[in-house]
Amino acid sequence: QVQLVESGGGLVQAGGSLRLSCAASGSIFSINDMGWYRQAPGRQRELVAHITSGGRSNYADSVKGRFTVSRDNAKITVYLQMNSLKPEDTAVYYCYSAAGPYHDVYWGQGTQVTVSS
């Protein structure tokens, strides 16, 4: 079993920045891919950023150039640096991690990000 604990969400004005973190713990055999989804009221869950075990990353078009995903394998932590935030970035952000020989997916508890105009 793997537990993911998120932190860093909050309220920020448009144009501001936030940094989310997600730390994994528990019975970890290996960590493969990690990343972030977000979900806003009335909208489908959206993949925001993804980073592989080799450090390659991908982003949703809506956040390219503004968000950066990174990972610290020693701490088993994934980060999401969010700059130039927009009101449409308002959502609950969930981190995920694929772990173990079968790449089972685990989810964080979610952290609220609210961007005011």
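Predicted model: local features only at pLDDT ≥ 70, side-chain atom pairs only at ≥ 80, totals over all residues.
1. A disulfide is a pair of cysteine sulfur atoms within 2.5 Å.

2. The bond between Cys22 and Cys95 is right-handed, with 55° about the S-S bond.

3. Now to the charged side chains, where the count comes to 4 salt bridges. One of them pairs Arg38 with Glu46, at 2.8 Å from N to O. Arg38 is buried, at 5% relative accessible area, while Glu46 is partly exposed at 23%.

4. Another salt bridge worth a look joins Arg66 and Asp89, whose closest N and O atoms are 2.8 Å apart. Arg66 belongs to the loop between β6 (57-59) and β7 (67-72), and Asp89 to the loop between β8 (77-82) and β9, so this pair ties together parts 23 residues apart in sequence. Arg66 is buried with a relative accessible area of 11%, and Asp89 is buried at 1%. Through shared partners, salt bridges join Arg38, Glu46, Arg66 and Asp89 into one network.

5. Finally, do have a look at Asp61 and Lys64. These two form a salt bridge with their closest N and O atoms 3.1 Å apart. Asp61 is exposed, with 65% relative accessibility.

Conventions
Residues numbered from 1 in each chain as written. Heavy atoms only, no water. Buried < 20%, exposed > 50% of the residue type's maximum accessible area, 1.4 Å probe, protein only. Helix = DSSP H or I, 4+ residues; strand = E, 2+ residues; numbered from the N terminus.
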